[in-house]
Amino acid sequence: MTSRITSTGGEGVRIRRAVARDAKRLTRLVRSSRAYEGPYAAMVADYRVGPDYIETHEVYVAVGADERLLGFYALLLAPPELDLMFVADDAQGLGIGRLLIAHMTDRARTAGLDRVRIVSHPPAEGFYRSVGALRTGTARANPPAVMWDRPELEIPIS
């Protein structure tokens, strides 16, 4: 499945299924995200999106006309969960996150899901709520991997 839009800057954006050779770029995007600076940095410092993860899960990338990585998401089908979603720092504000969420909900609908769980990075909760996610609870800290509580949300799939 491929989707195309034109961002506000006029750049064409395409969403495609990730392939194993995307692993290093996805890992770099996760580790360099400004959203994980300061107290959140330790969580992604050694994070790796491996080829095996890409082959096992529904991972989709948003790329520009020049094949520049703009963002990606990973949808787990059982149980249904948005496991990862990142937008490149310099691509934020262009609608890439909304495009990825729309694509994810289409994939979830096609898979027969009625909702998708999200355990959000705390600063991203507002974004997820703006695209229709509903707060359902709190995922408690799990040291040493995660040192802070995280909002738990759900996107209904109609």
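## Thr27 in helix H1

Thr27 sits in helix H1, residues 23-32. Helices (DSSP H or I, at least four residues) and strands (DSSP E, at least two) are numbered from the N terminus. Thr27 is buried, at 10% relative accessible area. Buried means under 20%, exposed over 50%, and partly exposed in between, with a 1.4 Å probe and protein chains only.

Leaving out residues up to four places away in sequence, Thr27 touches Tyr47, Arg48 and Val49. A contact here is a pair of heavy atoms within 4.5 Å. The C-alpha atoms of Thr27 and Val44 are 9.2 Å apart, and the two residues are separated by 17 residues along the chain.

## Model and confidence

This is a predicted model, in which local features need pLDDT of at least 70 and side-chain atom pairs count only at pLDDT 80 or more, while totals for chains, interfaces and linings use all residues. Numbering runs from 1 along each chain as its sequence is written, and side-chain values use heavy atoms, with hydrogens and water left out.

Mean pLDDT (the predictor's confidence in each residue, from 0 to 100) is 92 for the chain, and 93% of its residues reach 70 or more. Over residues 2-10 the pLDDT is below 50, and this stretch has 17 contacts in the model beyond near neighbours in sequence. Where pLDDT is low, predicted coordinates should not be read in detail.

## Nonpolar core

The largest nonpolar core holds 48 residues, and Leu26, Phe72 and Leu82 have the most contacts inside it. Strand S4, residues 69-77, gives the most to this core, with 7 residues. Such a core is a set of buried Ala, Val, Leu, Ile, Met, Phe, Trp, Tyr and Cys residues joined through side-chain atoms within 4.5 Å. In soluble globular proteins, nonpolar side chains tend to be buried together.

Leu82 has contacts with Tyr73, Ala74, Ile101, Met104, Val116, Arg117, Ile118 and Tyr128, not counting residues up to four places away in sequence.

## Glu81 in strand S5

Glu81 belongs to strand S5. This residue counts as buried, at 15% relative accessibility. With residues up to four places away set aside, Glu81 touches Ala74, Leu75, Leu76, Val116, Arg117 and Val119. Its C-alpha atom is 24 Å from that of Glu37, 44 residues apart along the chain.

## Largest pocket

The largest pocket has a volume of about 820 Å³. A pocket is an open set of points on a 1 Å grid over the protein atoms alone, where a 1.4 Å probe fits, with protein on both sides within 12 Å along at least five of seven lines; lining residues have an atom within 4 Å of a point. The volume is the space filled by probe spheres set on the points.

Of the 34 lining residues, Tyr36, Met85, His121, Ala124 and Tyr128 are the closest to the pocket centre. Elements giving two or more residues to the lining are H2 (41-44), S5 (80-87), H4 (96-110), S6 (115-119) and H5 (125-130). S5 gives the largest share, 7 residues.

## Backbone geometry

The Ala78 to Pro79 peptide bond is cis, with omega near -10 degrees. Pro79 lies in the loop between S4 and S5. Pro143 and Pro144 are also joined by a cis peptide bond, with omega about 0 degrees. Pro144 is in the loop between S7 (134-139) and S8 (150-156).

Glu67 is a residue other than glycine with a positive phi, near 70 degrees. It lies in the loop between S3 (58-64) and S4. Glu67 is partly exposed, at 34% relative accessibility.
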